[in-house]
Amino acid sequence: TLLASSAASDVYKRQIWNSVEIGEHTGKGSYTYDSSAKTVVVTGAGTKFDKDKGNDNLSYSYFNAKGDVTITAKMKVSGSGNAQAGVLVRNDASEPGSQSEAIYADFGKNQIRYGRHGGKNGANPLGSAKAGDEVYVKIQIVGQVVSYYVSATSEFPEKPTKSETLSGIDTKTVGFFATEGATATFSDVKICLLYTSPSPRD
């Protein structure tokens, strides 16, 4: 199944999202969808997207996916301290060490970053970030190639901000994450994938 239209994406936002707390922490995050504003709001729990040791501790709202995946969104994040929030793609939804790729705001560094762990660990800056900033982000996975995009508008450049080939990608989930102290609002969400389960319902 290939989903690319805004109407198809809207079905996904309304109907088949799941939420999970990854790692051990107190409290729970939340996911809400405003059908009028067509926005997704995620509040966080946990401590970090673990780019270094690959042991995530965060709140993740996602749907099941398979194959090549592209997700784009306008992201507005508020937070303080070491709070983080962003777009996240994982091989497994709940396993803390599952291979993952992300674009996220990191308030501990005041940066928008791309990060990954599993096939390769680490994170690098894509730009500056402060609470309340709005930025368009996009992750595209085709085979084992991950492309990260950041833009001030909904028109992304043809060339990605960063692209890399990683081993071990077996995408099963895609969605949004946040840690304690972060609240993220996602709008203009568009999702394109080859297969997902369960099938959307009208």
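β2 and β3 form a hairpin with four residues between them, and K38 in the turn has a positive phi of about 55°. Strands here (E, at least two residues) and helices (H or I, at least four residues) are DSSP runs, numbered from the N terminus.

The model is predicted: local features need pLDDT of at least 70, side-chain atom pairs count only at pLDDT 80 or more, and totals for chains, interfaces and linings use all residues. Residues are numbered from 1 along each chain as its sequence is written, and side-chain values use heavy atoms, with hydrogens and water left out.

## Exercise 1: The hairpin

Describe how β2 and β3 pair, and sort the residues of β2 by face.

Step 1. Locate the strands. β2 spans residues 30–34, and β3 spans residues 39–43.

Step 2. Find the sense of pairing. The two strands run antiparallel over five bridges. Strands count as paired if DSSP finds at least two bridges between them.

Step 3. Pick one bridge. Y33 has V40 in β3 as its bridge partner.

Step 4. Sort the faces. Y31 and Y33 lie on the covered face of β2. S30, T32 and D34 lie on the uncovered one.

## Exercise 2: Ring pairs

Classify the pairs W17–Y31 and F49–F177, and place each ring in the chain.

Step 1. Set the rule. Rings of Phe, Tyr and Trp (its six-membered ring) pair if their centres lie within 6.5 Å; planes under 30 degrees apart are stacked, over 60 edge-to-face, and the rest tilted. The structure holds ten such pairs.

Step 2. Take W17 and Y31. Their centres are 5.3 Å apart, with 25° between the planes, and the pair is stacked. W17 sits in the loop between α1 (6–15) and β1 (18–22), while Y31 is in β2, 14 residues away.

Step 3. Check burial. Buried means under 20% relative accessible area, exposed over 50%, and partly exposed in between (1.4 Å probe, protein chains only). W17 is buried because its relative accessible area is 12%. Y31, at 18%, is buried too.

Step 4. Take F49 and F177. This pair is tilted: 5.9 Å centre to centre, 35° between the planes. F49 is in the loop between β4 (46–48) and β5 (57–64), F177 in β14 (residues 173–178), 128 residues apart. F49 is buried at 2% relative accessibility, and F177 at 0%.

Step 5. Look for a group. Ring pairs link W17, Y31, F63, F176 and F186 into a cluster.

## Exercise 3: The cores

How many residues does the largest nonpolar core have, and which have the most contacts inside it?

Step 1. Define the core. It is a set of buried Ala, Val, Leu, Ile, Met, Phe, Trp, Tyr and Cys residues joined through side-chain atoms within 4.5 Å.

Step 2. Read the answer. The largest core has 40 residues; I103, I112, I139, Y148, F176 and F186 have the most contacts inside it. Another core, of twelve residues, lies apart from it and includes F49, L88, A93 and A102.

Step 3. Recall the background. In soluble globular proteins, nonpolar side chains tend to be buried together.

## Exercise 4: A histidine in a strand

Is H117 buried or exposed, and what does H117 touch?

Step 1. H117 lies in β9 (residues 111–117).

Step 2. Judge its cover. H117 is buried because its relative accessibility is 1%.

Step 3. List partners. Contact means heavy atoms within 4.5 Å. Leaving aside neighbours within four places in sequence, H117 contacts residues including F49, D50, K51, R90 and S100.

## Exercise 5: Positive phi

Where do N110 and D188 lie, and what is the phi of N110 and of D188?

Step 1. Recall the rule. Most residues other than glycine have a negative phi.

Step 2. Take N110. Its phi is positive, about 55°, although N110 is not a glycine. N110 lies in the loop between β8 (100–106) and β9. N110 is partly exposed, since its relative accessible area is 44%.

Step 3. Take D188. Its phi is positive, about 50°, and D188 is not a glycine either. D188 is in β15 (residues 183–195). At 37% relative accessibility, D188 is partly exposed.
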